[in-house]
Amino acid sequence: MLEKLFKLKEHGTNVRTEVIAGLTTFLTMAYIIFVNPSMLAATEMDQGAVFVATCLAAAIGCFIMGLYANYPIAQAPGMGLNAFFTYGVVLGMGHTWQVALGAVFLSGVIFILLSLFKVREWIINSIPQTLRVGIAAGIGLFLGFIALKNAGIVVDNPATLVSLGSENPHQMILAALGFFLIIGLEYRKIKGGVLISILAITVLSIILGYTQYGGIVSMPPNPAPTFMQLDIMGALDVTMISVIFAFLFVDLFDTAGTLTAVAQRGNLLDEKGRLPNLKKALMADSSATIAGSLLGTSSTTSYIESGAGVEAGGRTGLTAVVVGILFILALLFSPLAGMIPAYATAGALFYVCTLMLSGLINVDWTDLTEAAPAAIVAILMPLSFSIADGIALGFISYAVIKLLAGRYKEVPLSVWVLAAVFVLKFAFF
């Protein structure tokens, strides 16, 4: 049955290799089980229900990717997208989390339509690399800023806006220790370094008396507080246009980049360097996003950590299915998730920030018309505390700078259209 479903021999693999690859991928991305509920709980969503939604959305995404697209690529609620959901849409713009879930649902529906009508290729290919790199770096800095804030390392200051914190030194020390531990483990290529760090800091926090022990295993929490609680009509408000676009674009670029990178690492591309069944892979991603919004979590996306499983030999969808099964089993560890303090996950956020900044090397810093828009997106996203505003300002600045430089012919039609839409949004909404 497995041979028929996944064509193991054709891909030069076997069940044992795929299972090991799935376990490897799960260990590298399991931190999302603890990080996502903690982050979304800041919107007053029920943390236990979000924990269930996180595990189920990840499992659904993995099953669809594995069984439908037959790719060894795992999915889960995305880092950056969850931060935008919490700190941008709900806490920043003042929308309810139900409306934010509605926006996630609509972005998933649009994602499916773009894939069906082949508009997706036009969008991906026409958005300049500078903006894509700038957006990724900006999200990284946004996550880094949130990490420093959660750890109490950076606090508000009426004179300078922000300054170095000093009220909770134990949080700062443990958060920094967690980050250093991740770097050391990842450098030594120890699988699950991020997960190990989060658990180690939590255990140390319990031993030192900063966190109360609440158990390890229990039956899953009640998902009802977030299940089917999305407000789609509220998300159709005109002021939500940029929010839906932000969810859509970040998910679209993140997924396309992850699929290509992981497929290239596993020699899954065809002779023309293209990914076979890309449409199915994107459909899996968008379907999982819709399922996640119904369950009660932010956008689900493909994880670059899938590359760890590919390096371990994963070549088919069986790898993704194994990851999905492990996410289902993780539902039994809700007490552990409830004990994880915010400063224990701060190191993981800052680690993701470090990884996402690496893309800036691809910006042509000798060309000011390319460098300036990338810098604007990367800097203004964390400082405006809004991924949506950062993306909007990036598109506007790219179009204006190219126009003033006399190089307006280099600006794709899609950028002109989106820049105009964002200008109208700032002007009237």
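## The crossing of α2 and α15

Helix α2 (residues 15–29) and helix α15 (residues 317–329) cross in a right-handed way, where right-handed means that the near helix is turned clockwise from the far one by less than a right angle, and left-handed that it is turned anticlockwise. Their axes come within 8 Å and cross at roughly 50 degrees, an axis being a line fitted to C-alpha atoms, for helices over the stretch in contact, with angles from 0 to 180 degrees between N-to-C directions. The two helices are therefore oblique to each other, since angles under 35 degrees count as roughly parallel, over 145 as roughly antiparallel, 65 to 115 as roughly perpendicular and the rest as oblique. Helices (H or I, at least four residues) and strands (E, at least two) are DSSP runs, numbered from the N terminus.

The contact (heavy atoms within 4.5 Å) is made on the α2 side by V15, E18, V19, A21, G22, L23, T25, F26 and M29, and on the α15 side by L318, T319, V322, V323, L326 and F327. By class, this contact has 11 nonpolar, three polar and one charged residues; here Ala, Val, Leu, Ile, Met, Phe, Trp, Tyr, Cys and Pro count as nonpolar, Asp, Glu, Lys and Arg as charged, and the others, Gly among them, as polar.

## How the model is to be read

This is a predicted model, in which local features need pLDDT of at least 70 and side-chain atom pairs count only at pLDDT 80 or more, while totals for chains, interfaces and linings use all residues. Residues are numbered from 1 along each chain as its sequence is written, and side-chain values use heavy atoms, with hydrogens and water left out.

## Helix α15 and its cover

The 13 residues of α15 should span 18 Å at 1.5 Å a residue, and its end C-alpha atoms are 19 Å apart, which agrees; the expected span is 1.5 Å times one less than the number of residues. Of these 13 residues, 10 are buried, so that α15 is mostly covered, where buried means under 20% relative accessible area, exposed over 50%, and partly exposed in between (1.4 Å probe, protein chains only). Among the buried residues are G317, A320, V321 and G324, and what covers the buried residues of α15 includes α1, α2, α3, α4 and β1.

## The pairing of α6 and α13

Helix α6 (residues 97–116) and helix α13 (residues 278–295) have axes that come within 8 Å and cross at roughly 160 degrees. That makes α6 roughly antiparallel to α13, and the crossing of these two helices is left-handed. Residues of the contact include L101, V104, F105 and G108 of α6, and L282, M283, D285 and I290 of α13. The residues of this contact divide into 11 nonpolar, seven polar and two charged.

Helix α6 has 20 residues and reaches 29 Å from its first C-alpha to its last, close to the 28 Å expected. This helix is mostly covered, with 15 of its 20 residues buried.

Which residues does F51 touch, not counting residues up to four places away in sequence? F51 touches I33, P37, P221, A330, L331, F333, S334 and A337. F51 is found in helix α4 (residues 47–69) and is buried, with a relative accessible area of 2%.

A378, in helix α18 (residues 368–383), counts as buried at 5% relative accessibility. S205 lies in helix α10 (residues 193–207) and counts as buried at 0% relative accessibility; leaving aside neighbours within four places in sequence, S205 is in contact with L174, Y210, T211, P341 and Y343.

## Positive phi angles

Most residues other than glycine have a negative phi. K7, however, has a positive phi of about 55 degrees although it is not a glycine; K7 lies in the loop between α1 and α2 and is partly exposed, with a relative accessible area of 38%. Phi of N70 is also positive, near 55 degrees. N70 has its place in the loop between α4 and β1, and at 15% relative accessibility N70 counts as buried. K118, which follows α6, has a positive phi near 60 degrees.
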